[in-house]
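Hi there,

Here is the structure I promised to pass on to you. Have a look at it first, and then read my notes below.

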Amino acid sequence: MLFNSLTFVVFFAVVVTAYWSMRSWTARKNLLVTASYVFYGAWNPPFAALLFFTTAMDFWLGARIAKARGRHSRRVWLVASVAMNLSMLGFFKYGNFLLENFKWLMAQIGVAYQPPHLDILLPVGISFYTFHSLSYTLDVYRGVMSPTKSLRDFVLAVSFFPQLVAGPIVRAGDFLPQLLAPPKPQTGRFLWGLALMTLGLFEKVVLADTLLAGSADRVFGYGGPLIALDSWMGVIAFAGQIFFDFAGYSTCAIGAALCLGFHLKDNFRFPYAAIGFSDFWRRWHISLSTFLRDYLYFPLGGNRVGWARAAINLVIVMFLGGLWHGAAWTFVVWGLLHGFYLVIEHTLRALIGEKAWADAFAVKILLGLVTYAAVCVAWVFFRASDFTVATRILRGMFGGHAHGDAILATREMLQIGIVTFFMILAHWSLREISLEQAVERLPRWVVTAVWAVMACAIILNQGNSNAFIYFQF
Amino acid sequence: MTVIVVLIVMAAAGAWELYVRSIGYAPTLNDTEDLWTQTRRAVQPESLVIVGDSRPLFDLDLDELEKGLGKRPVQLALPGSCAYPVLADLANDERFHGTIICSIVPGMFFAPGGPLLETSEKALSRYRKQTLAQRASHHIGMFLEEHVAFLKQEDLTLERLLMRLPIPNRPNAQVPPTFPPYFQTVDRERRARMTEKCAQPGELQTRIQQIWLPLFTPPPPPSYVPIEVFGPNMGKAVEARFQDTAKAVDKLRARGGKIVFVRFPHNGELKALEDRLNPRARDWERLLNDTKVPGIYYEDHPELASFTCPEWSHLSAGDSVEFTKRLVPHLRTALQL
């Protein structure tokens, strides 16, 4: 079920009404579990069983880890949990990718191996809910949290419908404590939730799908060489589209959760105002970057292990971060490119140290623009269907196709330019504060007008319900 | 504040609704992939099915066909599409052994790829992969579309409104041609009827006529494929379509199914363009010859050739009923009913 669908409007209205009408906290939680499984099963009912299976297994394994005596046996149960989760992910998401690469490897040593093509349907959101669930056993193992005694609560923590299929990646340790006592109904919080849902839908339906997606699709789908202007426009359009698409989903999820009395942490913090790549990853898909930081980068030694080892750690983390996004080498290159950027940044910081001139506004702006441009270059690999397309787009961007084709209409370029300008302006204006603080500072009539305009624009787009890009991950 | 927001949104939506009704829009369904999927699901093993482009969608009256042929037809024709993927889908559907009325517009039917083929493939993909949530949204959407006039995906979305802005393009920009605005109503059986505004001479009719010409003109060969490669490749693709169509027809017939090809009326400059790009002897006659399928070419029958398409490509709602009545005897003969 998509947030930007009529089914969700009806579903959400029914769930919210029923939820706040119930007095019993247990009944409310049961309702949310049922609603979450209906939400998920509306895509493909059998996959709801798979979701329940992995959740129940992690619930049981979490209890085993907590009960185990001795570090070794605790580790055995953790390995079982990690292996179970990653093998599910590996089979459904990476099965064909691994077979294709094995075939290629065999061909390199002269063996003509033809693997069967596995007709595997990817369960929606498997990368997200696997991480929701995995965070539980990892945190129980680390001693960060005690295991819950309620399977129902854990099922709800993993499957809570606002964040189930496309994040934010909510750790069980952040969500389970919220299930201990019922939230009190608060009108202000509920309305803020609705406002966030409107903003999220506006970002997705109007900005991403209507104003940017078409141009990005045409540029990345074009079979020939493009001139620099069209190549850059297509890439910049995608940079905006992916932000509004994913941040829009996260904002909707946070808003929907808030309407039900739950707090989910921010997943984006104005990333296109980042100065440097460490800053970018503190602002982009925060729930994934902190997950990888806490469960992978730190256990590998983080940056306390010398320059070379820290650089390798960064590259490993970003390599896996890239692969998490999709079973293709283009995603791996995207991740490695970001790893490479981070290594360069860390090295430069070590060499240059803290300098007063680095705090000058002009320098910050310049560094911010360099960061944005480098992030855009990396997006080419994220969006391109293969390396041929990525190479063609990059060549176009850097003047390699002076006599290439021009395919974008002036209107499309104006849309991209205007949306990108205001997006970057907004990110820079708000980079030090939260959205809530920014809204509090505005006069009420401005907030009312903006909210109404966003709602009208969503209605004007009627039924324009492309799937969210991150669903495929 | 929330109450004010709701009031503003309701007032704006109400004003927009009144405005679009005042300029000729009326509530009608959007002809979406979900509506097509719903119709595709209605196909029974012995159904009478219409496939093709927008011409049979406008030109065939389902009531008259039911009266004349004894079965309520299922309307699977898709505007702006190549009919072959749908034809092949029915031929590959082991359950199906009914009758197909297939419209042929050679420029569309023999399209080697691109948007015409994608339209059919997207609809088929939705049919195969439609989720329960999409199905539910479709039913809620139909209810709304039957009551609200501004819910016109092909014309009144923000994107379409922006496309209307008169902003000139770069002289060398390869920008896709414009699509026609709203000029038909569609019901739950996908019966399309041309609006009266379009059926009468006027600005809308002239605008649509002028939109067909670039839409029916094949795009220039891509700059990045040498012409000596592009030409033969196109030739091979068209040749393959003839062969694949013959195979699909054979499959269907092997199960006892029947099929007839129909060339629907079109006129004006559009007819001149189609005749020039796809000479009858080269495409239509060869298709009949290769497949041994009976064909009905409207020009061969004075009672069918006497209709005029107001915007050159489709019959008006009134004419479509009469046209269908006159077509039925030819269909009965061709299908040996």
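**What I found**

On chain A, the residues A:Phe340, A:Ile344, A:Leu348, A:Leu351, A:Ile352 and A:Trp357 make a nonpolar surface patch of about 640 Å². Patch members have over 30% relative accessible area (Shrake-Rupley method, 1.4 Å probe, with only the protein chains shown counting as cover) and no salt bridge, and nonpolar side chains (Val, Leu, Ile, Met, Phe, Trp, Tyr) are joined within 5 Å. A:Trp357 sits in the loop between α13 (329-352) and α14 (361-383) of chain A; helices here are DSSP runs (H or I, at least four residues), numbered from the N terminus.

Please keep in mind that this is a predicted model: local features need pLDDT of at least 70, side-chain atom pairs count only at pLDDT 80 or more, and totals for chains, interfaces and linings use all residues. Residues are numbered from 1 along each chain as its sequence is written, chains are lettered from A and ligands numbered from 1 in the order in which they are written, and side-chain values use heavy atoms, with hydrogens and water left out.

Now to where the chains meet. How many residues of chain B are in contact with chain A? There are 39, and they touch 43 residues of chain A (contact means heavy atoms within 4.5 Å).

Across this interface the rule finds one salt bridge, that is, a side-chain nitrogen of Lys or Arg within 4 Å of a carboxyl oxygen of Asp or Glu. A:Asp230 and B:Arg170 form it, at 2.8 Å from N to O.

Over all chains, the count comes to 41 salt bridges. One of them joins B:Asp89 and B:Arg40, with the closest N and O atoms 3.0 Å apart. B:Asp89 lies in helix α5 (residues 84-92) of chain B and B:Arg40 in helix α2 (residues 33-41), so the pair ties together parts 49 residues apart in sequence.

Happy exploring!

Definitions and conventions:
Patches are made of residues with over 30% relative accessible area and no salt bridge: like charges are joined within 9 Å, nonpolar side chains (Val, Leu, Ile, Met, Phe, Trp, Tyr) within 5 Å. Helices (H or I, at least four residues) and strands (E, at least two) are DSSP runs, numbered from the N terminus.
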